Each structure stands twice: as C-alpha cells, then as structure tokens.
Amino acid sequence: MNRRLPSPWLLLALFALGLLLVFLLWPLANLLHGSVAGAGDGWAQLLDEPRYLRALGNTLLLGALVTGCASVLGVSLAYVTARFDFPGKALVAVLPVCTLVVPEVIVSQTWLMILGNNGLLTRALEDHLGLALPSFYGWPGLVLVMSLVYYTYIYLGTLAAIRGFDAQLEEAAQSLGVPPAKARLQVMLPVVLPAVLASGLLVYTLVVGNFAIATLLGGKVQLLSVLTYLSFVSEMGTNAGLQSALATLSIAIVAGVLFLQRWLVGRKRYEIVQGRSAPAQRLRGVRGALLGAATALFILLSSLPLLTVLASAFTRARGPVMHWGQFSLENLERVLLRSPEPILNTLAYGALATLVGILLSVVISYLVIKKKNLLTPAIDYLAMLPLAMSGTVLGIGLVMTFNSGPLALSGTAAIIVVAFVIRRFPFGVRSASATLYNIPDSIEEASISLGVPPLRSFFKVVLPLMAPAVAAAAVLTWTTIVAELSASLVVYSAGRETITIQVFRLVETGLQGQAAAYGLVLVLLTLVPVVIATRVFRIKVF
C-alpha cells in the first residue's frame, strides 16, 4: 500500500515556523527570561537608579513631541497637496523618496554639519553676525530632526485618506447650511482621523526605538534606546539582567502602542463605497505664490541631508575641520580606494539578506493567505513580532542566544545577515500579502484541475501575478537593510563594519569629510534602486 506523502505546503510551514522559533522567538524568550533571572536582578536596578526612570520619561515625552510635530507637518502638507493646485506642486512627490530613503545616520550627520558646534550655519552666523546659536544637541536637535524624518509616514497615510474621501458628503453638509470649515471638521475629519491616528502611533513606535538620531544628537538627554545599548556594551557578561530588563521595557512600550493603534483604528470604521474626491483648487496670485514658497521651503528642509552630503563629500577636510568652498576628491579617494571594506560588506550582507528576506516573505505570506493550516496562525503572529522590537533589542537578543553553543554565530557575518533578515522581512510579508488578497483562488485551482502539480502551479500562475509586489518589496527591503544601524552595531565584529557603522564611528570622532563620502555612497545605494524601479520598470514602490 502506497503511503501518502505530506503536503509540500505543510513541510514549508514547518520549515518557516522552525526558522521563526529559532531566530526570533528564542532570542526574545532569552531576553524575557534574563530580565527576571539575570545576575543582579535587572528590574530592581532599573527601578532603583534615577537615570533609567528619567530615560523612560524622556523617551515617552520625546515620542509625544515628535508625533505631535510630525502630525502637524504631515496633515497640513497632505491637505494642501490634495485640495490645492499651486506652482511647484509636482515637487512634493519627491518628499517621500528624500525622507524615507536617506538613512537616519546620514540625516543626523548632515544636520550636525549645518547646525552642530562647528556647523556651516553656526560658524557663519558667529563669524559674520556675532550671533551664537544655542547647542543643537539635546531636545532641539532631537525634535527637529525626528519630526522632519518621520512626518512623511503621516503625510502618506493622510494623503491617501483625503483622496479617498467622497467630496459629495462634504458638499451635502454645506448645502444644508453648514459652513465649509465646520463641514470638514464634522464630515471629513472622522473619516480621515483613523489614518492619522494609525500613522501617528506608528511614528511614536519609531521614535521610541530610534537609535541613530538619539545617539548622535541626544547630548545629555538620556533615552531608553541609548542606555540599552550602553548597558550592553559596558556590562556585557557582568549584568545581563539589566540589559534584558531595559530591552524588555522597550518591547513592552512598542507592543502597547501597537495594541492601542489596533484598538483605536478598529473601534470606529467608515467606508466610502463610491464617489469622487474633491478637485484640486487652482491657486494663483499672492496665495498661490505664498503656498508655493512655503512648499519650496519645506522641500528644501527635507532635501538638506542629500544636498549637504553631496557638498561635504567633495569638500576638502583636515581632521574635523571642513574647508568649505575648497573642492577636493580626497574624501572619495580614501573611501573608495583605501578603505572600501565597509562598502563591500554592505553590498554582500545586504544582497544576501534581501534575497533571504524576500524568499521568506513570499513563503510566509502565501502560506498565511492561501494555504492555511494549524501552523499558519502561529506563523502569522510571529512574522509581525519584529515590528515590536527595536534594532538594539533584537541585536542584544541575538548575541545572548548565539554567543555560544551549537549555533555560535557571534563574530561571524551570519549573525549580521540574520539580524538584517529578522529586522526587515515583515515589510515584505505585508506587501506580498496585500497582493495575494487580490488574486482569486480559482486561478490556481484551475491550473491544478488541469493536472499541473501544486508547486508548479504556484510558480507558473501565482508567482508571476505577485511579481510587481515582490519587486517593490525587494527594493524597499534593500533600502532599509543597507540603512540599518542599531541591530548591526550590536552584533558586528571587527572587520565586518557596514557603511552605516563606519559613518557612525566617523561622526563620533569628528571626521565629517570621510563620513560624508561614505554617506554619499550609501545614498546612491538606496536611491539608485528606487529610481530604476520606479522610472525604468514602472514599479510602484511607495
């Protein structure tokens, strides 16, 4: 009697679940266990020392301030973009690319070049006007830079909601005598508000887990992400309980905010069945000019990191001193010819992590959406778990878990690739899942009914339909992986530095010229794939 072979999808589900259990749940469980069983009782030390409680308060306050500022910027720009037509409006499309693609370590570096203690604008104002600007380090730099980095998330979410709103509802309210401003508040705002809340809470979680900007611009402001990293670096092997407790606290905050986001968005739901969006009102004269000027200023602020990196990479530098106005290729020569290792490491680790991450994303999304079984609910939950973990927390968990034993990955390139994959593959899962929901099951079933095996039907029928979404996910995964700092900074070893790690180290030592040269290479590695995907292959990345 022939024995029936197990389904290939069940075997894939077992394999995917095994990977997630080993490389995600095991490190997380070690962190949770270490917070209560580690030497020195980490929770007691965390609660006893004022600096940790102060860091917790500062982190929560910073999240609220940045979310508020980013919401004002994002919602205002989204409303203006959706409802008005003015000179230079087409340039607003550049904003998501400029802010989402440029790595945070580069953004921090360039703002320091402009407003830091030896910044271009700081020195110019002091030399020519005798005006001394207050220190950019601390709250001013943190709130300004994070707001300009993260407002795009709220802008994109709100813009989609406003464009999807049926303007006839607003017109109906006005026909009943309701003033236009009041009609927008009573009719449009309830429909748009869930998108604003969802995007705002996402920004809050990003601020809480931010490491690059917090470290480079924080100054004397103590923040949870920075203290978590410092506790790992200074006390690794002597107080695992403290670093585990700090990491667990970070996870709890982000998980709580994500749960609140889901509850708020799901509490009230508005559906627009059909209708038309409001036509953009053409603004001319003084109003159009003022709005165009304000938009141009906004675009300039968002583009400053790109412009500053470009200028600094070709500026002569001697140690920490930048000789502005003196053109030189020394920085690029030193980076490309004398010290190309960080670039080569980034290309190798990033390419491998992107390939593995996309394969894992496609398999998991297909199993969860199309081939449900007893294992897929657990796979679905675990696949979203990295969203609640900052890079620093993930890195500490991986080092604690794979520092010894049969899977001793610490000190190898493998642990860097694992950190990259676990950190970013949820974005690929979301993108692939959104496409799979729109692919009818009947297409694949028809192929199987004609005698094509299930696996071949997937490759011949389903995968080609998923190709655009998979390509977009691959581009986004690549750009976020090569810009990753927090996790890689924890797990890397000597000789395995990536570009972001090298830039971070150079900025800390004041070598802005070399940092800018590496930054220019990193910007090209992120922007070029996006431009090729969107302009040449017409792939909708954003």
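**Entry 1: N58.** I began with the side chain of N58, which comes to 3.0 Å from the backbone oxygen of Q222. This is a predicted model, so I keep that in mind for every distance I note. I placed N58 in helix α3, residues 50–83. Is N58 buried or exposed? Its relative accessible area is 16%, and the cut-off for buried is under 20%, so N58 counts as buried.

**Entry 2: helix α18.** Next I went to α18, which runs over residues 413–436. At its start I found a side-chain oxygen of T412 within 3.3 Å of the backbone nitrogen of A414. Then I looked for bends: where does α18 have a kink? I found a kink of about 40° at R424, shortly before the proline P426. I also checked the length. With 24 residues at 1.5 Å a residue, α18 should span 34 Å, and its end C-alpha atoms are 33 Å apart, which agrees. Last, I looked at burial: 18 of the 24 residues of α18 are buried, so the helix is largely enclosed by the rest of the structure.

**Entry 3: a nonpolar patch.** Which residues make the nonpolar surface patch of about 480 Å²? I listed L524, V528, I532, V536 and F537. I traced L524 to helix α23, residues 512–536. An α-helix has 3.6 residues a turn, so residues three or four places apart point the same way. I noted L524 as partly exposed, because its relative accessible area is 47%.

Technical notes. Residues numbered from 1 in each chain as written. Predicted model: local features only at pLDDT ≥ 70, side-chain atom pairs only at ≥ 80, totals over all residues. Heavy atoms only, no water. Patch = residues over 30% accessible without salt bridge, like charges linked within 9 Å, V, L, I, M, F, W, Y side chains within 5 Å. Areas by Shrake-Rupley, 256 points an atom, 1.4 Å probe, with all protein chains shown as cover. Salt bridge = Lys/Arg side-chain N within 4 Å of Asp/Glu carboxyl O. Helix = DSSP H or I, 4+ residues; strand = E, 2+ residues; numbered from the N terminus. Buried < 20%, exposed > 50% of the residue type's maximum accessible area, 1.4 Å probe, protein only. Expected span 1.5 Å × (residues − 1). Bend = angle between axes of the 7 residues up to and from the residue. Polar contact = N/O pair within 3.5 Å; in protein donor to acceptor, adjacent residues only side chain to side chain.
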